[in-house]
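Here are some notes to read beside the structure. Each point takes up one topic.

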Amino acid sequence: LNREHLIASLPELFTQLGVDTFWFSTFPDPEAPETGARLASAMVRGLPVDVAANQGTFLPVHLVPESLRASNECYAWVVSPVHDQERQLGLLVCSYLRDHGVTYEIMALQIGAALHGAWLVERIAEETARRERAERERLVRELALAERIQTSILPRHSVVSGLDIATVMLPATEVGGDYFDVLPTLDGCMLGIGDVAGHGLNSGLVMLMLQSAVSMAVALKPDVTPTDAFLAVNRVLYENIRNRLLQDEHVTLALIRYRTNGHLTIAGAHDDILIFRARTGKVEIVTLTGFWAGAVPDVAEFTVDQYVQLEPGDVVLLYTDG
């Protein structure tokens, strides 16, 4: 029960107790209740008072707003403070009924306890909302950083003898670890395409490690085969993902050695490669038979080179599903 519903239910509750007149006021500043009170709920002779029309503050020593006190009427009132364990919450003024005993004091205590419970619920809701806002803001910052990581190391100029290359990456709302690279060599290039499992900053970091590892393998041995490069990259990713980041992730990755005679050598496991054959006008699907990178320490028994021969006019499509 929230604060508003609790206060709105007071007229019905007092009617059930046989009390036809009451005024319940709250202190806008519980730390300084003497500075003012505001009417929250009231009923006079069984008729609810329009609280919205009496929203000004009044001095608590007056007990009720002066605008509601008829000068030609006399009242016998019972005045009870409403409080919780920490603060003065308000003031309950009821018409006196001879046979009610301690009902007024009990009602004041119950109202105070209920208001305290409602206040605690509101505080918990506010704290939860604050934490959720902070978490959303953290995720926004993390995703922005991951997007910068993901896009900042993409190849700017992809010039390879014998190839016309077009590349594009459009990060989704939840930035992941999508990766591609074009590393020119004397007789062609090494192409890389991959996708880190998951989304967010960790995936972006793994993608950065992946790009660095592939680049280093090619830089150290420009004629490295895709299989040898894949095995080296797998060892680096496994160590970093499992033992340093302490994550349970993997990378789908295909490494493709292109030579200027149109010969492709491929290793790894990633989405199918689509090849449009200019001579026949048909699309050939190349399914990769390797294994993920970073999942196990050694994938030598699962990794072999696959071969494809391109002809003039053929178009190769490499893509990720991120």
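1. Start with Trp-292. In this predicted model, Trp-292 is partly exposed, with a relative accessible area of 39%. Phe-291 is also partly exposed, with a value of 25%. The structure has 3 aromatic pairs. In one of them, the ring centres of Phe-291 and Trp-292 lie 5.9 Å apart and the planes meet at 35°, so the pair is tilted.

2. Next, look at two helices. Helix H4 covers residues 201–220 and helix H5 residues 226–244. Their axes are 9 Å apart, and the packing angle is about 145°. The crossing is right-handed. On the H4 side, the contact is made by Val-206, Met-209, Leu-210, Ala-213, Val-214 and Ala-217. H5 brings Ala-229, Val-233, Val-236, Leu-237, Asn-240 and Ile-241. What kinds of residue make up this contact? There are 11 nonpolar residues, 1 polar and no charged.

3. Ser-41 sits in strand E2, residues 37–44. Is Ser-41 buried or exposed? Ser-41 is buried, at a relative accessible area of 5%. Setting aside neighbours within four places in sequence, the contacts of Ser-41 are Ile-7, Leu-10, Pro-11, Phe-22, Trp-23, Phe-24 and Val-51.

4. Now the charged pairs. Side chains of opposite charge can pair when their charged atoms come close. The whole structure holds 10 salt bridges. One of them joins Arg-130 and Glu-127, at 2.5 Å from N to O. Both residues belong to helix H3, residues 103–152. They are 3 residues apart, which means a separation of about one helical turn. Arg-130 is partly exposed at 41%, and Glu-127 is partly exposed at 28%. Arg-131 is linked with Glu-127 and Arg-130 in a network of salt bridges.

5. Compare two further bridges. Arg-244 pairs with Glu-239, with the closest N and O atoms 3.5 Å apart. Arg-244 counts as exposed, at 61% relative accessibility, while Glu-239 is partly exposed at 32%. Asp-314 pairs with Arg-277, with the closest N and O atoms 2.7 Å apart. Asp-314 lies in the loop between strands E13 (306–309) and E14 (315–317), and Arg-277 in strand E11 (residues 273–277), so this bridge ties together parts 37 residues apart in sequence. Asp-314 counts as buried at 15% relative accessibility. Arg-277 counts as buried at 14%.

Conventions. Residues are numbered from 1 along each chain as its sequence is written. This is a predicted model: local features need pLDDT of at least 70, side-chain atom pairs count only at pLDDT 80 or more; totals for chains, interfaces and linings use all residues. Side-chain values use heavy atoms; hydrogens and water are left out. Rings of Phe, Tyr and Trp (its six-membered ring) pair if their centres lie within 6.5 Å; planes under 30 degrees apart count as stacked, over 60 as edge-to-face and the rest as tilted. Buried means under 20% relative accessible area, exposed over 50%, partly exposed in between (1.4 Å probe, protein chains only). Axes are lines fitted to C-alpha atoms, for helices over the stretch in contact, and angles run from 0 to 180 degrees between N-to-C directions. Helices (H or I, at least four residues) and strands (E, at least two) are DSSP runs, numbered from the N terminus. A crossing is left-handed if the near helix is turned anticlockwise from the far one by less than a right angle, and right-handed if clockwise. Contact means heavy atoms within 4.5 Å. Ala, Val, Leu, Ile, Met, Phe, Trp, Tyr, Cys and Pro count as nonpolar, Asp, Glu, Lys and Arg as charged, and the others, Gly among them, as polar. A salt bridge is a side-chain nitrogen of Lys or Arg within 4 Å of a carboxyl oxygen of Asp or Glu.
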